[in-house]
There are 2 protein chains.
Amino acid sequence: MRAAGGIGGKRRYDSMRGGGARKRRYHHGDLRRALVQAALRLIDEAGPREFTLREVARSVGVTHTALYRHFPDKAALLAVVAEDGFRALKAAILRACAKVPDPLARFQQAGVAYVRFALAHPSHFRVMFRAEASARHPPLQKVKDETFALVVSAIEACQTQGLVRAGSATELALPAWAIVHGLAALLVDRSPRIQRTRVSADQLARSVTETLMEGMARRDRT
Amino acid sequence: MRAAGGIGGKRRYDSMRGGGARKRRYHHGDLRRALVQAALRLIDEAGPREFTLREVARSVGVTHTALYRHFPDKAALLAVVAEDGFRALKAAILRACAKVPDPLARFQQAGVAYVRFALAHPSHFRVMFRAEASARHPPLQKVKDETFALVVSAIEACQTQGLVRAGSATELALPAWAIVHGLAALLVDRSPRIQRTRVSADQLARSVTETLMEGMARRDRT
DNA sequence: ACCTGAACACCGTTCAAGT
DNA sequence: ACCTGAACACCGTTCAAGT
């Protein structure tokens, strides 16, 4: 699926072949940033078809080996892309929360923002949740943890107003994250065939978090 | 990360090079089955490092091109592997349910089985949930739907006994699947760093489904 | 310091040819 | 019918060399 072979080979990267089409010289700018952004663009555009380092280099206009001045390997580039993803996700959640004063509604909006982000950038979302990645890349782990912390503090706000039962907010955050992440992952992978049903993702996110919130609510029977 | 280059190149696949080491002849068996099983073994063993067709062929003892008599391309092989995965998951869930008479506890056990399966075969689990796959491969979509149907009927059983509130079981199944799938996905990707905490995955699955069930429970206040 | 060019050991896929 | 062998257009990574 990666190599197209001679068939369908419309795309010819002959820019460096013969007599100087697109005379590519030194980049002389923030090549590192340019590479990350190019990778992001390719990932978001080209769908789940994994991007290649050589494509990234081409789209920026440098040789594919120039990349190794800035990243030890492909995994490192992917880690930075994932990092940017979490930063964007964090920002989206914070934006969604800012508008809503009621902590319960705010919590729900955060969930909706999470699912929205995943559906808006499915490939990017997938890159963000890759097993190997965060273990070896501390800065990635850091933003990831910060994103998780948002969920925890949203729950704490609910607890303060007695809207969610007492107990470790961290422990309560796991089901919360799980249900939202699960919905996002299922939708991104088109697993339940619910896109035929004409319910919007927003609606699904709302109803799912609602079920969750009822489960987390303060109540008097054990 | 895929190509090792000359460095560390201990593994030499010279079996077909010179004077007939491991004289590989025709396979003369169910090559199709052998290929699928080899793919499965490689996927489960070699971790998230995606397996290659050539590796599969090598491990079975045929040329890499022999594969194309049985599968149109790599995606098709992956689809069959995913299909087998869902069959195994279905079986695991059914096994877990069989032992438990109470529908609520049964529901929970199904969730635990789901998470267990994911953690036991992380790479396989990932292959099972790949966006492109099921759309183009009807048999895959079918087992997937059947697995989803198990969740739905587990919920219906709870409703019959008045343990879960009335309403579309299909709609209630979505949060249920989402929370379990989300937990599984997060654990597989080691996203929340909870493996440091000495809580078992089983315990997490139980507590997460418990929160969910409380949210789905029949209750008299709106 | 930053980038190029050639090379290496891999890929997935195609196709004519063998049995 | 089922498989091989050679070929094609790609990969990621390394390394000596250029400015």
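Buried area is the accessible area (1.4 Å probe) that two parts lose on being put together, summed over both. The model is predicted, and local features need pLDDT of at least 70, side-chain atom pairs pLDDT 80 or more, while totals for chains, interfaces and linings use all residues. Residues are numbered from 1 along each chain as its sequence is written.

**Exercise 1.** Describe the interface of chain B and chain A: what area is buried, and how many salt bridges are found?

*Solution.* 
Step 1. Chain B and chain A bury about 3,500 Å² between them, with 62% of it on carbon and sulfur atoms.
Step 2. Each side is then counted: 40 residues come from chain B and 40 residues from chain A, where contact means heavy atoms within 4.5 Å.
Step 3. Two salt bridges cross this interface; the rule asks for a side-chain nitrogen of Lys or Arg within 4 Å of a carboxyl oxygen of Asp or Glu.
Step 4. Glu214(A) forms a salt bridge with Arg165(B), and their closest N and O atoms are 3.3 Å apart.

**Exercise 2.** State whether Ala75(A) is buried, partly exposed or exposed.

*Solution.* 
Step 1. Locate the residue: Ala75(A) is in helix H3 (residues 74-98) of chain A. Helices are DSSP runs (H or I, at least four residues), numbered from the N terminus.
Step 2. Recall the cut-offs: buried is under 20% relative accessible area, exposed is over 50%, and partly exposed lies in between (1.4 Å probe, protein chains only).
Step 3. Ala75(A) is partly exposed because its relative accessible area is 25%.

Conventions
Chains are lettered from A and ligands numbered from 1 in the order in which they are written. Side-chain values use heavy atoms; hydrogens and water are left out. Helices (H or I, at least four residues) and strands (E, at least two) are DSSP runs, numbered from the N terminus.
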